[in-house]
Amino acid sequence: MKKIAALLGILALTVSCKTASSASPKDSLKDAYKNKFYIGTAMSLPQIDGTDVKSDEIIKKQFSSIVAENCMKSMFIQPQEGQFFFGDADKFVEFGEKNKMFIIGHTLIWHSQLPRWFFVDKDGKDVSPEVLKQRMKSHISKLVGRYKGRVKGWDVVNEAIMEDGTYRKSKFYEILGEEFIPLAFQYAQEADPNAELYYNDYNEWFPEKVKTVTKIVKNLKSRGIRIDGVGMQTHVGLDNPKLEEYEKAITDYAAAGVKINVSEMEISALPSPWGTSANVSDKVEYETKMNPYTKGLPENVTKEWENRYLDFFRLFLKHQDKIRRVTLWGVTDNQSWKNDFPVKGRTDYPLPFDRNYQAKPVVEKLIQLTKEK
């Protein structure tokens, strides 16, 4: 009887160990999705310089790709003409190389977070088309050239098209017209012929925007200018967009001959302020209504948020042949830009890792999705 009891004890211990192992934190998003597409995140300065140690641990364990959240934007890289500051970008690239990650540069040409000197002469007037072309080429050549062969993909042009399909009336467009986009891609291709080149935008599922972007893609390809992907930023909420709208955009972009980058994803759990009253007298009620979960999400909202993530990832897995990577815009809830946009001071819960640097239950469920038939 003692022998039987001992054997039963060993068996119980073995089962216990297997159970613990199967649910162990050894499972990671990057391992689960390694044969599907890259899983990435955006890195902020505290993570790049190593002061946010807990976030860095998550990044190393969970993600196979990284993108520079801010440090490669023109206002930081070249705040004055000819004065380049590469220190943070160098550390970012070195982090990716050390951890064998697919490194993305963000972003070369964007109307926002751009130094004013880019468009004006010494008298403060708009520069000529020739001068702007020269400045674009110099900026792109210097930045892309520095990381040639190391940064594997670049968001070349960011947010140039409006929801109705028209071009944003940025200074790039006002001075150069539609040609600023082909020029940017041409300069990037010349600086690193092997890097993947992307167009990146938000509200990317709007039908008229899809039409214009696919037209741009086809135009570039017809001229022999490289474009490898469209970045679908995927800043989404619980209700918008509809999955069918999003799926149609995926298939339309892919039909133009490019891969899809889900490039800046998070899912806000908070109500949208669009269309609400702007009356000053309504301000207190408005702010309370727009920031309802300061102490945490109710269980029913958590479930809805979780299901939304799972629905999107099921869609990504369905179209994995079209998708190059899925990148989350940030690591944990406490650092997400959604806490301050579009209403300052809100407490949002848009990412799969919480304010205590812990994986939410959705992470394990996202991993399990890859094992479903």
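**Entry 1: tyrosine 357 and its loop**

I looked up tyrosine 357 and found it in the loop between strand 9 (323-328) and helix 14 (361-369), where helices (H or I, at least four residues) and strands (E, at least two) are DSSP runs numbered from the N terminus. The model is a predicted one, in which local features need pLDDT of at least 70 and side-chain atom pairs count only at pLDDT 80 or more, while totals for chains, interfaces and linings use all residues. I note also that residues are numbered from 1 along each chain as its sequence is written, and that side-chain values use heavy atoms, with hydrogens and water left out.

The phi of tyrosine 357 is near 65°, a positive value in a residue other than glycine. I recorded its relative accessibility as 23%, so tyrosine 357 counts as partly exposed; buried means under 20% relative accessible area, exposed over 50%, and partly exposed in between, with a 1.4 Å probe and protein chains only. Asparagine 356, in the loop between strand 9 and helix 14, counts as exposed because its relative accessibility is 57%. I also checked asparagine 356 against asparagine 334: they are 22 residues apart in sequence, and their C-alpha atoms are 8.4 Å apart in space.

**Entry 2: other backbone exceptions**

Most residues other than glycine have a negative phi, and most peptide bonds are trans. I therefore listed the exceptions with that general rule in mind. Lysine 100 has a positive phi near 55° and sits in the loop between helix 6 (87-98) and strand 3; at 76% relative accessibility, lysine 100 counts as exposed.

I found a cis peptide bond between histidine 106 and threonine 107, with omega about 0°, and threonine 107 belongs to strand 3 (residues 102-110). Another cis peptide bond joins asparagine 240 to proline 241, with omega about 5°, and proline 241 lies in the loop between strand 7 (235-236) and helix 11.

**Entry 3: helix 10**

I compared the length of helix 10 (residues 207-222) with expectation: its 16 residues should span 22 Å at 1.5 Å a residue, and the end C-alpha atoms are 23 Å apart, which agrees. The expected span is 1.5 Å times one less than the number of residues. Its buried residues are Lys209, Val210, Thr212, Val213, Thr214, Ile216, Val217 and Leu220, and these pack against helix 9, strand 5 (196-201), strand 6 (229-232) and helix 11 (243-255), contact meaning heavy atoms within 4.5 Å. Just after helix 10, glycine 224 takes a positive phi of about 75°.

**Entry 4: helix 7 against helix 9**

I then turned to helix 7 (residues 129-146) and helix 9 (residues 180-191), which pack at an angle of about 35° with their axes 9 Å apart; the axes are lines fitted to C-alpha atoms over the stretch in contact, and angles run from 0 to 180 degrees between N-to-C directions. The contact involves residues including Met136, Ile140 and Val144 of helix 7 and Phe180, Leu183 and Tyr187 of helix 9. By class, the contact residues divide into nine nonpolar, two polar and three charged, with Ala, Val, Leu, Ile, Met, Phe, Trp, Tyr, Cys and Pro counted as nonpolar, Asp, Glu, Lys and Arg as charged, and the others, Gly among them, as polar.

**Entry 5: the whole chain**

Of the contacts with a separation of 6 or more, 78% are between residues 24 or more positions apart.
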